[in-house]
Each structure stands twice: as C-alpha cells, then as structure tokens.
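Open the model in your viewer and keep the selection panel at hand. The tour goes from the whole chain down to single residues.

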Amino acid sequence: MQKIRKGDKVVVLAGKDKGRTGEVVQVMPKEDKAVVRGINMIARHQKQSASQEGGIIRKEAPLHLSNIAIADPKDNKPTRVGFDFRDGKKVRIAKRSGEVING
C-alpha cells in the first residue's frame, strides 16, 4: 500500500513551490516521483506537428516523493502517513492528528 496516491492533497516541502498545496495527478513509484496539479510548472518549446500546434506549452513536471507530504485532513499542514486497521481494513492515517486519510 502506497503512502501517496493519485487524488491526494499534498504540500510541497522543498523547491521553488515550497509551501504550496495541490492534488496528485499521477504517481510514478518506480522513479519515486509524482505529478501535482499546478505545481512545478515548466515551459516546453514544442514543434508543430499534424496533431498538435507548436509554441510554448506549460505543463507540470514530476516532483520527488521526498519533497512532498500529505496534507492533514484537519488543518492542511504537512503530516507523515501511518497505517492502521480500522473495521478490519488497512487504512492510511495522518500521524499529526490520527485522522483517516480518505482514499
């Protein structure tokens, strides 16, 4: 079971977007990276093709998982993730508040 999943609300801990929050769009476990909506934007100079027009395209670049943390459901501050068994199911819990992280 992964600690950070698609759809989670996360806080950026390091880098140019430190302190900003966003939603995880994609997780790449083999590379230990995640793409967060609206965070770590880069400009790509793209050549025109038959299917896509050319120009400068802005998109999100992946962040390393060590530079993001789950936002606590109670106060939206960064928290570590733990696992617990509640009602016979393994669930993720926020270490900061003990709240169950939805997912």
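Start with a cartoon view of the protein chain. Read along the sequence, this predicted model runs β-β-β-β-β-β-β-β-β-β. That is ten strands and zero helices. The radius of gyration is 16 Å, well over the 13 Å that the globule rule gives for 103 residues, so the chain is more spread out than a compact globule.

Now show the C-alpha trace. Along its principal axes it spans about 55 × 25 × 20 Å. Residues 24 or more positions apart account for 36% of the contacts with a separation of 6 or more.

Of the 103 residues, 29% count as buried. Then colour by charge. There are 23 positive and 12 negative charges, and their mean positions are 4 Å apart.

Next stop: the nonpolar core. Which residues touch the most other members of the largest one? Select Ile 4, Val 10, Val 24, Val 36, Leu 63 and Ile 68, out of 14 residues in that core. Then highlight β1, β2 (21-28), β3 (33-36) and β7 (68-71), the elements that give two or more residues to this core. In soluble globular proteins, nonpolar side chains tend to be buried together.

Leaving aside neighbours within four places in sequence, Val 36 is in contact with Val 10, Val 24, Leu 63 and Ile 68, among others. The contact list of Val 36 also includes Gly 22, Glu 23, Val 25 and Glu 60.

Move to strand β1 (residues 9-12) and select Val 11. Is Val 11 buried or exposed? Val 11 is buried, with a relative accessible area of 6%. Beyond neighbours within four places in sequence, Val 11 is in contact with Gly 19, Arg 20 and Thr 21, and also with Asn 67, Ile 68, Ala 69, Ala 71, Asn 76 and Pro 78. Now draw a distance from Val 11 to Ile 57. Their C-alpha atoms are separated by 25 Å, with the two residues 46 apart along the chain.

Last stop: Asn 40, in the loop between β3 and β4 (41-46). What is Asn 40 in contact with, leaving aside its neighbours within four places in sequence? Show Lys 16 and Asp 17, then Lys 59, Glu 60, Ala 61, Pro 62 and Leu 63. Glu 60 and Leu 63 are also contacts of Val 36.

How values were computed. Residues numbered from 1 in each chain as written. Predicted model: local features only at pLDDT ≥ 70, side-chain atom pairs only at ≥ 80, totals over all residues. Heavy atoms only, no water. Helix = DSSP H or I, 4+ residues; strand = E, 2+ residues; numbered from the N terminus. Rg over C-alpha atoms; globule rule 2.2 N^0.38 Å. Buried < 20%, exposed > 50% of the residue type's maximum accessible area, 1.4 Å probe, protein only. Contact = heavy atoms within 4.5 Å. Lys, Arg positive; Asp, Glu negative; His and termini not counted. Charge placed at Lys NZ, Arg CZ, Asp CG, Glu CD. Core = buried A, V, L, I, M, F, W, Y, C linked by side-chain atoms within 4.5 Å.
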